[in-house]
Amino acid sequence: MAHLDLADIQGNIQRPYGRYGFPYNRHLFFNIAEPETGRLFVDAIRPFVTTAEPWDSAVGQDGAVLVHKPPIALNIGFTWAGLAAVGLPTRTLRLFPDEFIDGMGARAEILGDLGSSAPRGWDPIWRPPPPGEPHKPVHVWLSLNAGALPDSSPRPELAAMTGWLEGLVEASRGKVTLLPGHGPGGQNRWQDSSARWEEAPGVGYVPTAKEHFGFTDGISDPIFLGQYAVAAETVAAVGGGKIAEGPYDPARSWAPLETGEFILGLPDEGQELPVATMPAGFVANGSFMVWRKLREDVEAFEQAMKTQAAVYGRVAGMADETEALETLYAKVVGRWRSGVPLMAAPTWSEQTTLLEQWSDIPALRLKPARTPAENARLDDWSRLLTGFRYGDDPGGARCPLGAHIRRGNPRDMLDPKLSATLGSSTLTKRRRLIRRGLPYETDGEKGVIFMAHCASLFRQFEFIQQQWMQYGLDFESGNDTCPLVGSRRDSDKFVVPAGAANDTPFIASGLPRFVDTRGGDYFFVPSLSALRQIAMGTVDPT
Amino acid sequence: VPSLDAGHYFLTVLAPIRPDTQAVPARPARGGAATAAPMRADLDPNAATAPRSHRQLLAQDLALLRTGYQTSSSDPEGPSSPFAHNTLNHLARFVIIDGPPYNGRIPGDTIVDTLLGRDPLIAQPVDSLNSAYLLFAADIDARAPGDPVAAYAEALWSTMARELRVVFSHCVDFGRVSDGASLAAWLRRCEVETTMPFNDYWPDMLQAPPAPKVQALALLAVAAVGTVAAGVMVGWWAAALVLVAALWVAYAFVLNRGARSYPTAPTSDLPSVLKALYIKETFTQFAIAAQGDDEAALHARFGDFLARRQPGAPTPTQAPGRPGVT
């Protein structure tokens with residue numbers, strides 16, 4: 001097992017905070033007008049950055065707990081312009097990968113951010129100002145993750161820490177700006193996001209993992225070597241890791257991905273050190289991060305699904321309207337809205353039966369102290385949700401070839417030797433993303449704040465976005481894009497292959513665009529050591 | 001003929017680019033400020049005409065040549081490539097070749113070089129071409145009897161003579177080309193053999209006829225018997241002679257089979273390919289519209305599809321160089 005310096009790695013890379021009792025996430029963006037003041041700003045924040053260390057378990061020599069779970073998890077990242085603004089040396093700046101230097105807006109054509117998703121329509125913070133006004137681009141991203149009070153409102157520390165940051169900005173005498181410009185009119189000073197809540201009888205409000213279309217989100221994330229302790233790693237690797245060459249065996253084929261796929265400075269799946277920049281000591285334990293605000297057009301989605309389901313029900317021979325609609329939802333994503341994958345339950349009735357068999361899971365999750373048997377049952381549930389492959393479904397009869405989760409993570413389906421017994425993830429394991437993020441609902445607009453960590457924005461995020469979400473060749477789908485998040489410029493259809501041979505497939509057509517980009521950028525999330533170097537102004541590229 | 005394969009001719013032309021310069025009017029291409037204030041002849045003696053190499057001008061003319069609707073960023077409403085005005089070429093491309101790529105010194109072994117007394121400080125020769133070349137490569141249909149290049153040259157001359165003059169007049173000896181026949185002769189002069197054509201119109205492979213296998217086995221048997229017989233009756237040198245002769249015959253046999261062109265794949269000419277794409281797209285539209293139809297409605301809709309789209313007839317079809325059904 002790899003030993004990582006978890007105290008040097010920022011915590012948002014290692015943990016989905018939403019699942020660790022932080023259902024609130026506030027994103028603040030800053031501009032730095034002067035390197036010295038910028039470095040002082042970083043230095044002031046540096047001590048409070050949340051690391052990847054386990055909470056409440058590490059104990060010092062005197063027996064005291066070393067790292068307590070904080071009320072607020074704070075993390076920080078820099079755009080390329082931001083690293084230039086704090087005065088990094090030219091050599092360090094110029095050796096960064098092209099796409100990071102470009103920034104997300106300049107990559108719109110590659111990412112499919114066209115038409116209604118084009119940068120000219122993004123929230124004002126991501127656009128150049130009207131002529132005559134000074135341009136203050138985004139330099140620093142700061143994220144505050146907070147817990148909730150029993151009534152589901154955010155803990156007061158969130159407002160207090162925001163106030164503290166405003167104080168730092170004030171002390172900078174105009175050299176550091178908290179950039180407003182969130183929301184359609186640019187009226188908001190920061191971007192809030194939070195889990196959607198559900199009232200559980202006898203418990204009160206509980207955060208859910210649902211996004212606004214009603215799907216359970218963030219189920220299958222990749223796991224890397226050293227991310228968890230050994231026992232947890234073994235469980236999480238099934239479905240989250242890579243699939244080895246050779247006969248497929250669910251118990252033995254899965255292994256964690258190399259750390260260097262997500263964290264810089266460590267070997268990756270290509271048996272190389274990821275390329276980022278110089279010096280190595282500045283790069284190590286850092287990561288690149290995608291930040292995207294994605295608006296979900298819930299009304300258009302529900303309307304389109306309803307219209308399509310009416311035809312789909314006739315074609316697929318489903319008399320029940322709910323069954324046709326829910327099955328179509330599942331075919332679009334590859335999972336039922338409950339999160340159960342089509343690969344585990346291909347039909348509505350199988351899903352219903354399965355949920356009944358596992359009806360104890362929600363209560364088990366909320367239980368503060370669990371028995372080993374209960375933990376084992378949760379592990380089994382986790383394996384059921386993520387531990388599948390596509391060698392059992394080469395034609396997409398269960399999970400359509402163009403479904404969202406098959407595009408985002410094709411697992412073994414691109415293996416030329418794919419069969420009922422063989423199938424490895426050799427061709428796909430270098431294109432994984434650690435996804436973070438929570439839904440937002442502000443100014444009558446719904447969506448998700450999408451964040452993703454990777455070692456190469458180009459090889460991982462941009463490839464998945466361009467080749468897999470916005471194009472269909474790898475999925476035998478021609479120009480068809482992802483039915484959920486795709487652009488519709490070159491195709492507006494989605495094929496649902498039939499179950500049995502000679503059954504009639506269903507082709508959804510005339511689909512509108514459901515998800516639009518409202519803004520975002522690429523960030524470098526430095527290690528604690530790199531933050532120290534930035535603050536001290538001692539990044540030495542030689 | 002390797003250039004001719006499976007009913008397609010793979011034309012590769014390497015035309016030397018003229019080494020002289022051409023005086024071109026020193027006028028900015030897009031007007032603007034320079035037109036308002038022309039350069040004075042006393043400030044620049046080349047103010048009226050600027051000398052430019054043909055290589056420079058060719059690169060500029062190629063940059064201005066329209067391409068097909070190849071990517072999603074091509075203008076779907078804009079004019080298409082002049083090569084879309086004929087229905088013979090599947091692909092056509094121009095490339096300027098300035099010289100062979102330089103890979104640096106040929107590496108050696110330090111110990112071997114020392115033993116042989118080679119001085120690593122002595123520069124090795126660097127390869128170059130005698131001039132820059134324009135590569136013109138086209139994959140064209142060759143089903144009609146007669147010379148495929150002649151037919152192609154006629155088609156090009158009648159549809160894009162102006163563009164051909166713009167491009168090829170920067171090449172040596174193009175000035176005398178005045179019609180399809182002289183264009184064909186000029187292309188033939190500059191042609192090189194295409195030794196590795198790529199043809200993927202046999203997706204399921206062609207079943208090799210069994211005859212060569214039998215012939216090869218028979219040949220092998222004759223060679224073996226001959227070798228043994230010569231060895232027994234005459235001597236070892238005769239056996240060696242027969243063996244060498246047999247190996248040479250086998251080698252010639254293989255080369256001869258390899259040089260034969262692959263048979264023509266059915267419906268692999270451009271009009272058929274365009275029609276297939278047209279049917280693929282219109283059938284998808286039909287399949288979408290027919291979803292949920294009862295049998296009578298489906299029957300009527302399919303009848304309408306056959307009548308409108310005419311799968312067995314050459315028209316209606318998709319226009320070359322421009323995907324999509326109009």
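**Architecture and local features of a predicted two-chain model**

Chain B exposes about 21100 Å², with carbon and sulfur atoms supplying 63% of that surface. The structure described here is a predicted model. The C-alpha trace of chain B spans about 95 × 85 × 45 Å along its principal axes. Its radius of gyration is 29 Å, whereas a compact globule of 326 residues would have a value near 20 Å. Nine helices and seven strands are assigned in chain B, and 29% of its 326 residues count as buried. Among contacts in chain B between residues at least 6 apart in sequence, 77% join residues at least 24 apart.

Chain A contains 17 helices and 15 strands. Its radius of gyration of 23 Å is close to the 24 Å that the globule rule gives for 542 residues, so chain A is as compact as a globular protein of that length. The C-alpha atoms of chain A fill a box of roughly 70 × 60 × 50 Å along the principal axes. Of the 542 residues of this chain, 54% count as buried. The accessible surface of chain A amounts to about 22500 Å², and 55% of this area belongs to carbon and sulfur atoms. When contacts in chain A between residues at least 6 apart in sequence are considered, 69% of them join residues at least 24 apart. There are 53 positive and 64 negative side chains in chain A, and the centres of the two sets lie 2 Å apart.

The two chains meet at an interface formed by eleven residues of chain A in contact with seven residues of chain B. The size of an interface is often given as the accessible area lost when the parts come together. Here, the area buried between chain A and chain B is about 660 Å², to which carbon and sulfur atoms contribute 56%. On the side of chain A, the residues that lose the most area to chain B are A:Arg314, A:Arg489 and A:Ile507, which together account for 46% of what that side buries.

Within chain B, helix H5 comprises residues 180-190, and its buried residues are B:Gly180, B:Ser182, B:Leu183, B:Ala184, B:Trp186, B:Leu187 and B:Cys190. The elements that cover these buried residues include strands S2 (8-16), S6 (133-141) and S7 (191-192), together with helix H4 (148-168), of chain B. The loop between H4 and H5 of chain B contains B:Asp173. This residue, which is not a glycine, has a positive phi near 70°. With a relative accessible area of 29%, B:Asp173 is partly exposed.

A positive phi, of about 55°, also occurs at A:Gln271, likewise not a glycine. A:Gln271 is located in the loop between S9 and H9 of chain A, and its relative accessibility of 73% is over the 50% cut-off, so the residue counts as exposed. The loop between strand S9 (254-255) and helix H9 (280-283) of chain A also holds A:Pro279. The peptide bond leading from A:Met278 to A:Pro279 is cis, with omega near 0°. In chain B, a cis peptide bond joins B:Thr315 and B:Pro316, with omega of about -5°. B:Pro316 is situated in the segment after helix H9 (295-309) of chain B.

Two further positions in chain A were examined. A:Asn409 occupies the loop between helix H15 (404-408) and strand S11 (434-442). Its relative accessibility is 10%, under the 20% cut-off, and A:Asn409 therefore counts as buried. Leaving aside residues up to four places away in sequence, A:Asn409 touches A:Ser220, A:Tyr390 and A:Arg432. A:Pro362, by contrast, counts as exposed because its relative accessibility of 51% is over the 50% cut-off. A:Pro362 belongs to helix H13 (residues 361-366) of chain A. The C-alpha atom of A:Pro362 is separated by 44 Å from that of A:Ile534, the two residues being 172 residues apart along the chain.

Terms used
Residues are numbered from 1 along each chain as its sequence is written. Chains are lettered from A and ligands numbered from 1 in the order in which they are written. This is a predicted model: local features need pLDDT of at least 70, side-chain atom pairs count only at pLDDT 80 or more; totals for chains, interfaces and linings use all residues. Side-chain values use heavy atoms; hydrogens and water are left out. Helices (H or I, at least four residues) and strands (E, at least two) are DSSP runs, numbered from the N terminus. The radius of gyration is taken over C-alpha atoms; the globule rule is 2.2 Å times the number of residues to the power 0.38. Buried means under 20% relative accessible area, exposed over 50%, partly exposed in between (1.4 Å probe, protein chains only). Contact means heavy atoms within 4.5 Å. Accessible areas come from the Shrake-Rupley method with a 1.4 Å probe; for residues, only the protein chains shown count as cover. Lys and Arg count as positive and Asp and Glu as negative; His and the chain ends are not counted. The place of a charge is taken as NZ of Lys, CZ of Arg, CG of Asp or CD of Glu. Buried area is the accessible area (1.4 Å probe) that two parts lose on being put together, summed over both.
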